[in-house]
Amino acid sequence: PAAVAAEEPPAVRFRAGGDLRLRQEGFDHVPLRTAEPAVTRGGHNDYFRIRPRLSAGVDAGEDLSLDVRLCDEFRHRNAGQESYEWPDELIVDRLELSLRNLFDGRVDLHAGRQDASLGSGRLFAEGTAKDGSRTGFFDGVRARIRLAEKTTLDLFGFYGRCENDLALGHEHRDLTGLAPGWNGMDEATAGFFLDDRSLDALGWGVYYVWLHDTAWRTREGARVPHEDVHTLGARLLPKFSEELSAELEGAFQWSGSDGYDRRAGFATGGLKWGFAPGAYVSANGLWLSGDDADTARREDFNVLFGRYPWISELMIYAFDADGVGTWHNVGQAWLEAGYAFGEDRAHKVRATVGPLWAPERDGAGGGSDRGWLETILYTFPLCKGAAGDLTGHLFLEVLQPGDYYASDRTAYFFRWQLNWAF
């Protein structure tokens with residue numbers, strides 16, 4: 001009989017790299033809904049953030065890989081924000097095992113500490129909301145199932161502890177809490193995101209997310225009971241032509257835990273026109289329900305794992321009185337324009353303008369007008385070579401507060417950033 005050639009073992013390949021992010025941020029006069037204080041964090045803040053990350057990985061063929069990433073972030077205060085002291089907190093923010101093309105190529109499985117932005121990313125992208133922009137990982141399991149050529153189903157289950165078990169240093173920051181300070185709240189979540197792009201003229205998706213927040217304590221020692229939050233949502237992505245497209249997303253939220261009776265909603269949408277190569281304009285709207293103080297029911301929307309600046313860098317500080325990134329009780333309408341230019345259209349400019357308001361008048365000013373927000377962002381390449389890629393951005397937001405707030409001072413948030421990826 002003919003000799004059967006032995007199968008060669010899968011090729012093993014090692015990878016290594018990293019990035020270094022340098023930021024200077026400043027803000028002032030960012031209003032709070034309270035009368036005293038009327039602005040957040042003492043007013044003027046100016047500080048540097050330096051975040052190095054080192055990553056390594058190993059691939060066994062095309063279908064098996066293990067990835068590890070370490071990071072830290074150092075801060076130096078010019079005004080306001082507290083400086084960090086070395087060695088602060090060295091974090092393992094990725095420890096992920098990936099198995100691809102299981103079950104005849106239909107399933108990819110990811111287990112361990114991983115990044116996970118599901119759906120539009122608005123409500124599910126940030127697993128460590130109180131970590132101060134250093135990390136955004138989730139601990140658990142995620143599977144992507146290819147039901148058809150352009151139809152995917154993401155199933156997931158994650159558990160987030162209030163303290164990072166994979167960190168070294170003298171600081172151990174709260175990762176998950178809903179209020180300032182150490183709260184001791186853990187989070188568990190599971191659900192699915194279904195995405196279908198089989199029709200060129202209409203993409204769509206549906207999702208369900210269960211979130212369990214354990215009981216926790218306020219700074220004053222009061223006990224807040226646990227809550228199970230259920231969120232059911234849908235997304236439509238119609239495409240009217242090569243130049244004109246739209247997006248609609250909405251979700252309904254409820255809970256029936258002891259001490260809670262939550263009924264809340266979220267909706268957003270936009271119409272985008274790409275009128276020239278690299279150029280577009282869009283009209284957009286957003287609504288997140290607030291809590292009516294005259295009812296026993298909770299109507300404020302819980303943004304789940306969307307407690308990051310997806311709405312506004314400046315406005316996330318305006319919610320300091322409510323908790324870290326707890327977006328709710330806000331409506332927004334804005335016009336947006338963007339243009340990409342240069343080699344490979346690597347230079348990008350984006351500007352927005354529009355009003356914000358509060359569905360519930362629970363601010364110290366007594367009104368519903370949060371003000372007008374204007375933003376501009378410019379991202380650009382600096383150099384590219386064997387040592388890596390250096391990119392940067394300049395970002396500015398300005399808010400003229402309305403009668404929802406006690407403060408009427410014009411607020412701003414500014415940042416310049418350099419990022420070296422190697």
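Is arginine 49 buried or exposed? Arginine 49 is buried, because its relative accessible area is 8%; here buried means under 20% relative accessible area, exposed means over 50%, and partly exposed lies in between, with a 1.4 Å probe and protein chains only. I shall return to this residue after a brief overview.

Colleagues, please note that this is a predicted model, in which local features need pLDDT of at least 70 and side-chain atom pairs count only at pLDDT 80 or more, while totals for chains, interfaces and linings use all residues. Residues are numbered from 1 along each chain as its sequence is written, and side-chain values use heavy atoms, with hydrogens and water left out.

Let me begin with the chain as a whole. Its secondary structure comprises two helices and 22 strands; these are DSSP runs numbered from the N terminus, with at least four residues (H or I) for a helix and at least two (E) for a strand. Along the principal axes, the C-alpha trace spans about 90 × 55 × 55 Å.

Of the 422 residues, 46% are buried. Among contacts with a separation of 6 or more, 60% are between residues 24 or more positions apart, a contact being heavy atoms within 4.5 Å. The accessible surface is about 20600 Å², and carbon and sulfur atoms contribute 59% of that area. These areas come from the Shrake-Rupley method with a 1.4 Å probe, and for residues only the protein chains shown count as cover.

As to charge, there are 45 positive and 65 negative side chains, and the centres of the two sets lie 2 Å apart. Lys and Arg count as positive, Asp and Glu as negative, and His and the chain ends are not counted. Each charge is placed at NZ of Lys, CZ of Arg, CG of Asp or CD of Glu.

I now return to arginine 49, which belongs to strand E2, residues 45-60. Which side chain does arginine 49 join through a polar contact of 2.7 Å? The partner is serine 133. A polar contact is a pair of N or O atoms within 3.5 Å; within protein, one must be able to donate a hydrogen and the other to accept it, and residues adjacent in sequence count only if both atoms are side-chain atoms. Beyond four places in sequence, the contacts of arginine 49 include Arg21, Glu25, Glu73 and Tyr317.

Serine 133 sits in the loop between strand E6 (107-114) and strand E7 (138-148). It counts as partly exposed because its relative accessibility is 28%. Its phi is positive, at about 75°, although serine 133 is not a glycine. Most residues other than glycine have a negative phi, and most peptide bonds are trans.

Asparagine 101, in strand E5 (residues 89-101), has a positive phi near 60° and is partly exposed at 39% relative accessible area. The peptide bond from glutamate 36 to proline 37 is cis, with omega near 0°; proline 37 is in the loop between strand E1 (12-28) and E2.

Strand E2 also holds arginine 51, which is buried at 8% relative accessibility. The side chain of arginine 51 reaches the backbone oxygen of arginine 134 at 3.2 Å. Arginine 51 also has Ser133 among its contacts, together with residues including Asp19, Asp72 and Glu73. Arginine 51 and leucine 22 are 29 residues apart along the chain, and their C-alpha atoms are separated by 6.6 Å.

Next, aspartate 67 lies in strand E3 (residues 64-71) and is buried at 8% relative accessibility. Its side chain makes a polar contact of 2.9 Å with the side chain of arginine 15. Among the other residues that aspartate 67 contacts are Ala56, Gly57 and Arg94.

Finally, alanine 318 is in helix H2 (residues 313-318). It is buried, since its relative accessibility is 2%. Setting aside residues up to four places away in sequence, alanine 318 touches Val30, Pro31, Leu32 and Tyr405. The C-alpha atoms of alanine 318 and threonine 151, 167 residues apart along the chain, are separated by 39 Å.
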